[in-house]
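Hi,

Here is the structure I said I would pass on, with some notes on what turned up in it. Have a look, then read on below.

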Amino acid sequence: EDVLTLAYDDPIGDLYLRRDPTSIFLAAQALMPIQHKYGLFPRIIGKGDNARRLMELLLRMRSEVAADEKPATSRRGMMPSTTIESLIIIDREVDMATPLLTQLTYEGLIDEMFGIRNNQAEIDTSIIGQAPGQQPKAQSGAPQQQGLKRKIQLDSTDKLYDQLRDANFAIVGPLLNKVARRLAGEYESRHGAKSTSELREFVNKLPGYQAEQQSLKTHTNLTEEALKHTQTDIFNRVLEVQQNLVSGSDPSSQHDTIEELIARDLPLITILRLLCLESTISGGLRPKDLDNFKRLILHGYGFQHLLTLHNLEKMGLLVARTAANPFYIPVGGGGSASESKITNYNALRKSLRLIVDEVNEQDPNDIAYVYSGYAPLSVRLVQSIIQKQHLLTLIRGPSAASDTPSSATQGWQGFEDVLKSVRGDTFNRIQKGDEAAVKARHMLMGSGKEKTVLVMFLGGITRTEIAAL
């Protein structure tokens, strides 16, 4: 209910491979009507080169609107919003590691396995069965029956899905069990109906029970299928490599496992995600290791992937770790030369507490639960603006957060040094309207109303990051 998307097909390819700014323009076009309806974003805060371009484009569009206004209204123009506190823009490029990780929330795992598009997923009917009231059609052969797909709606109109979507997959089974027991108890209550009015009340609730029971059946079947996937040796080996890489283990210690996974003919996308994750976090692979993996990929998956490897290198996702490389991070993670060119995860792991060892998945008190111990850097950056006290308490202890403001109006205050380790430009721009008009409105309306913060991810966002937000 609080997520808007442009449903753009390939923003990462356009922005970071082809350097096509179309998606920046479309994002600005989508944000301008919000300013027209609710007023100017009083403050635009962001991180990343493309995020800055989006901010500058918004300012340019605002000036064009002002130039087109009639002289009688031009002095007043658009005024800062009274319902929106600020707009936060995060460029996907500042945190490329997070989308390379396997999503571990219920919604994220469904997206990994089946793909979710426009809040719909196409699932094989052998997994979730036919749609309610639909009879299976006679088929000439079993293989054809196996290939039938059914679209299911995955949004907040399904109350059960709304409860499950942001939960870590580890606790989805117990949650479904709890719902099943509740439904069984409510359905059995019909035997206790003694009067006509009680029976009528049950009959009125019956369609709701049946819809909830159908939803329970669908999500139970999906969970069973996901369990088969997550309990395989392959899934756990891949997850282990990912968690070792993000926790700061020696990357070369994972190479034997990756080579074994290539030999076992895993899908190429899985292998490339692991290699790109290592390259992103470590500032590249050693040239000898990179050449070896390229050779294994070309021999195992075909020489047509020369172009794939070239594109990944062009985007800075799979590069060699050499001093001449602009993505180079010195051993130990220090150095200021690379501050604006690459996100230094080695430095940020401690300064933003990206790794949380003890995670309560049942009743989470930190966003790290979505990846079972890893907090997405992109969401940590948002927290450094709007949840300063929580984040500083997590990093330095309770005493550090006592006098620190938690309002987005303070921008990046308190985290300026940390941002030097994050790729791209940093900005904090205030938009003002006509002072006399603003003061008059302030006197009439006051300022006690709760305000909204908009967060814009330019270049795409994972469903797990949405859950963390």
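**The sheet around β1**

Strand β1 and strand β2 (residues 84-91) run parallel to each other and are joined over 4 bridges. Within that pairing, glycine 46 sits opposite isoleucine 89 of β2. Before going further, please keep in mind that this is a predicted model.

On to the other partner of β1. Strand β1 (residues 43-47) is tied to β5 by 5 bridges, and these two strands are antiparallel. As background, strands in a sheet pair through backbone hydrogen bonds, and they can do so in parallel or antiparallel fashion.

Put together, the open sheet has 4 strands in the order β5-β1-β2-β6, with mixed pairing. Which strands stand at the edges? They are β5 (426-430) and β6 (452-458); each has a single partner strand, so one side of each has no neighbour in the sheet. From one strand to the next, the twist averages 15°.

How many residues of β1 are buried? The count is 5 of the 5, so the strand is largely enclosed by the rest of the structure. Both of its faces are covered: Arg43, Ile45 and Lys47 are buried on one side, and Ile44 and Gly46 are buried on the other. If you colour by accessibility, note that Arg43 and Lys47 are in that buried set.

**Helices**

Helix α11 (residues 233-246) has 14 residues, which at 1.5 Å a residue should span 20 Å; the C-alpha atoms at its ends are 20 Å apart, so the two agree. Its buried residues include Phe235, Val238, Leu239, Val241, Leu245 and Val246, and Arg237 and Gln242 are buried in α11 too. After α11 comes glycine 248, which has a positive phi, near 100°.

Leucine 26 belongs to helix α2 (residues 22-38). With a relative accessibility of 30%, leucine 26 counts as partly exposed. Together with Leu6 and Phe25, Leu26 makes up a nonpolar patch on the surface, and the three have about 240 Å² of accessible area together.

Then there is isoleucine 466, located in helix α21 (residues 463-468). Isoleucine 466 has a relative accessible area of 29%, so it is partly exposed. What is the C-alpha to C-alpha distance between isoleucine 466 and glycine 108? It is 9.6 Å, although the two are 358 residues apart in sequence.

Most residues other than glycine have a negative phi, so here are two to look at.

- Asparagine 118 has a positive phi, near 55°, and is not a glycine. It lies in the loop between α5 (106-113) and β3 (120-124). Asparagine 118 has 55% relative accessibility and so counts as exposed; the cut-off for exposed is over 50%.
- Aspartate 265, also not a glycine, has a positive phi of about 60°. Its place is the loop between α12 (255-263) and α13 (268-282). At a relative accessible area of 54%, aspartate 265 is exposed.

That's what I have for now.

Cheers

Terms used
Residues are numbered from 1 along each chain as its sequence is written. This is a predicted model: local features need pLDDT of at least 70, side-chain atom pairs count only at pLDDT 80 or more; totals for chains, interfaces and linings use all residues. Side-chain values use heavy atoms; hydrogens and water are left out. Patches are made of residues with over 30% relative accessible area and no salt bridge: like charges are joined within 9 Å, nonpolar side chains (Val, Leu, Ile, Met, Phe, Trp, Tyr) within 5 Å. Accessible areas come from the Shrake-Rupley method with a 1.4 Å probe; for residues, only the protein chains shown count as cover. A salt bridge is a side-chain nitrogen of Lys or Arg within 4 Å of a carboxyl oxygen of Asp or Glu. Buried means under 20% relative accessible area, exposed over 50%, partly exposed in between (1.4 Å probe, protein chains only). The expected span of a helix is 1.5 Å times one less than its number of residues. Two strands pair if DSSP finds at least two bridges between them. Axes are lines fitted to C-alpha atoms, for helices over the stretch in contact, and angles run from 0 to 180 degrees between N-to-C directions.
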